[in-house]
Amino acid sequence: MNAIFIHSCFLGCRQTLPYAAIVTHYVDSEVGRLGTVLLHRPGPELARLTPRNNDSLLFDAIPWVGRAQEEHDAFAAALRGRGVEVLYLADLLAETLAVDEARAELTAEVLRSPRLGDTLRARVADHLAYLDPVALADVLIAGLAHEELRLSPERPGGLVYTLMDRHDFVIDPLPNLLFTRDSSLWIGDRVGVTSLAMPARRRETTLTDAIYRHHPRFVGTEAVYHPHLEHLEGGDVLLLAPGVLAVGVGERTTPAGAERLARQVFAAGLAHTILVVPIAQERATMHLDTVCTMVDVDAVLMYPNVANTLSAYTMIAGADGEDPRVDGPAPFLRAAADAMDLDQLRVIDTGLDPVTAEREQWDDGNNTLALAPRLCVGYERNVETNAQLERAGIEVIPIASSELGSGRGGPRCMSCPLVRDPLRG
Ligand SMILES: NC(=O)NCCC[C@H](N)C(=O)O
């Protein structure tokens, strides 16, 4: 594999990165054999969670960081054990920050916050300027607490810093970076950097956007979505089959986001049909992948309490320059099978009875990550769901989730596939 050099003027830092000049990333389904995946190993950003801020930071409990890391390492090991290349977001970010332009851009973005005011902005700029790429990546991910800002009597913090609550952050942490699914997605050979709806997550896409635009591994990659567009989150997008997408609209992705994705995807020739699926605007069903994931080319794992009520509007690409056609609504399972050219989709239920189903849906039983047709990773705690999968001929690789689950996301949420074997042709 070729090695390439990135030269950064920052402190004369020179790094050799072990990436081939051109790597092909390509995803056209949910279940093609997984080749490469982007994960984020949870770190100090989880230690920022307290009973005071966990709701606004979108966690349901205060995770034990060391145990969460062990659980996540076991997840990564399970993937590697099946031949999957695991990339870590923090590594890619540090390597990206060795590129001067990326460093300048990400630093400027943090300093732009109107919360800071001029004096504090200058102090934060000084603080960041002395960090090497790895330390700067840490701060961009874990944030900067009030007491961590280096000040001196000659360079005091000023009014904003003085009046700031000691529990406030000078730079907010990003604990939900763990859920790499949501901040970017791949459709064919294009990346979409999404537009996150919740204030606690918005800054995540400044990092993924910089990685895909500046990291040498992604040179030449074209984007199919941008963070300044209408709200769209990766957990709402399922690649049902080559050329067929399902997009959930609810708490996160808006109808305008789904329509924008459809226009962009149709214009790029990446799909011919998009099913837009309204889901309840509740935390338990924040994304489509909390109620439905694919486990085979013709099989979905689905929350039975919604399986027969979920509907879909079908968008079909228009001829050159014309608006897409919108049909429906129709029952989701029917519309999906028709779009995928199947007689029907096989449906595997989460849990056996409504109460177990509700408990296991809440614990991300539906949120499996397929490594290949009929092989997936699932949380071990969802005993009934996993048994149902095994009965249906789907092998489940179980992973622990006592701490990982506190952010309300499962194996699919915690992974962004960059390479899958194509199902097309
Ligand atoms: N695709 C997903 O369902 N991702 C889970 C995101 C959980 C995160 N705590 C959030 O509320 O956004």
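Tutor: Let's start with burial: a residue is buried if 20 or more other C-beta atoms lie within 10 Å of its own, exposed if 12 or fewer, and partly exposed in between, with C-beta atoms placed from the backbone. Bear in mind that this is a predicted model, where local features need pLDDT of at least 70, side-chain atom pairs count only at pLDDT 80 or more, and totals for chains, interfaces and linings use all residues. Residues are numbered from 1 along each chain as its sequence is written.

Student: Is R103 buried or exposed?

Tutor: R103 counts as buried because it has 23 C-beta neighbours inside 10 Å. R103 sits in helix α3 (residues 100-111); helices here are DSSP runs of H or I, at least four residues, numbered from the N terminus.

Student: At what angle do α2 and α5 pack?

Tutor: Axes are lines fitted to C-alpha atoms over the stretch in contact, and angles run from 0 to 180 degrees between N-to-C directions. Helix α2 (residues 89-97) packs against helix α5 (residues 133-142) at about 125 degrees, their axes 8 Å apart. That makes α2 oblique to α5 (under 35 degrees is roughly parallel, over 145 roughly antiparallel, 65 to 115 roughly perpendicular, the rest oblique).

Student: Which residues of α2 and α5 meet?

Tutor: Contact means C-beta atoms, placed from the backbone, within 7 Å. From α2, A90, L93, A94 and L97 meet P133, V134, L136, A137, L140 and I141 of α5.

Student: How many residues surround the ligand?

Tutor: Near means a C-beta atom, placed from the backbone, within 6 Å. 16 residues surround the ligand, and the closest are L58, G235, H287, G409 and C413.

Definitions and conventions: Helices (H or I, at least four residues) and strands (E, at least two) are DSSP runs, numbered from the N terminus. Two residues are in contact if their C-beta atoms, placed from the backbone, lie within 7 Å.
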